[in-house]
Amino acid sequence: MIYKSLKNELKSIADLAQSMQKTESEYLSYKQAMEILGLRNYRTLTAYIKAGLPVIEVANSKRIKRTDLDDFMTSHYVNNKEE
């Protein structure tokens with residue numbers, strides 16, 4: 001009886017997690033992008049945009065594609081190994 005109850009509870013949690021992933025947007029607001037990057041200052045995000053972070057603008061709504069954000073950060077990786 002306990003096993004069946006636990007199994008049902010785990011299935012509910014798995015279903016909830018799966019539905020949350022589906023509702024996660026691929027297109028981020030500036031605020032969401034800043035949260036992902038851990039930025040506290042809008043000026044820093046503006047500097048990233050000036051440095052080449054792609055922005056999608058439609059009818060005064062600006063969005064950043066999640067994969068573009070990842071690609072931008074990866075392309076600015078600095079290797080600090082001494083040569």
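A residue counts as exposed when its relative accessible area is over 50%, and as buried when that area is under 20%. The close-up views described below are taken from a predicted model.

**View 1. Three strands form an open sheet in the order β1-β3-β2.** The pairing in this sheet is antiparallel, and β1 and β2 stand at the edges, where each has a single partner strand, so that one side of each is left without a neighbour in the sheet. In general, the strands of a sheet pair through backbone hydrogen bonds, in either a parallel or an antiparallel way. Strand β1, which covers residues 27–28, pairs with strand β3, residues 61–65, over two bridges, and within this part of the sheet L28 stands opposite I64 of β3. Strand β2, residues 56–58, is joined to β3 over three bridges, again in the antiparallel sense, and here the bridge partner of I56 is R63 in β3.

**View 2. S29 is a buried residue in the loop between β1 and α2.** The relative accessible area of S29 is 17%, which falls under the 20% cut-off, and S29 is therefore counted as buried. When residues up to four places away in sequence are left out, S29 touches K62 and R63.

**View 3. Helices α2 and α4 cross at roughly 40°.** The axis of helix α2, which spans residues 30–37, and the axis of α4 come within 11 Å. Their crossing angle means that α2 is oblique to α4, and the crossing is right-handed. On the side of α2 the contact is made by A33, I36 and L37, while α4 contributes R66, L69 and M73.

**View 4. Y48 and F72 form a tilted aromatic pair.** A search of the whole structure finds two aromatic pairs, and in the one shown here the ring centres of Y48 and F72 are 5.9 Å apart, with the ring planes at 40°, so the pair is described as tilted. The pair links distant parts of the chain, since Y48 belongs to helix α3 (residues 42–50) and F72 to helix α4 (residues 66–75), and the two residues are 24 residues apart. The two partners fall into separate classes of accessibility: Y48, at 23% relative accessibility, counts as partly exposed, whereas F72, at 7%, counts as buried.

Conventions: Residues are numbered from 1 along each chain as its sequence is written. This is a predicted model: local features need pLDDT of at least 70, side-chain atom pairs count only at pLDDT 80 or more; totals for chains, interfaces and linings use all residues. Side-chain values use heavy atoms; hydrogens and water are left out. Rings of Phe, Tyr and Trp (its six-membered ring) pair if their centres lie within 6.5 Å; planes under 30 degrees apart count as stacked, over 60 as edge-to-face and the rest as tilted. Helices (H or I, at least four residues) and strands (E, at least two) are DSSP runs, numbered from the N terminus. Buried means under 20% relative accessible area, exposed over 50%, partly exposed in between (1.4 Å probe, protein chains only). Two strands pair if DSSP finds at least two bridges between them. Axes are lines fitted to C-alpha atoms, for helices over the stretch in contact, and angles run from 0 to 180 degrees between N-to-C directions. Angles under 35 degrees count as roughly parallel, over 145 as roughly antiparallel, 65 to 115 as roughly perpendicular and the rest as oblique. A crossing is left-handed if the near helix is turned anticlockwise from the far one by less than a right angle, and right-handed if clockwise. Contact means heavy atoms within 4.5 Å.
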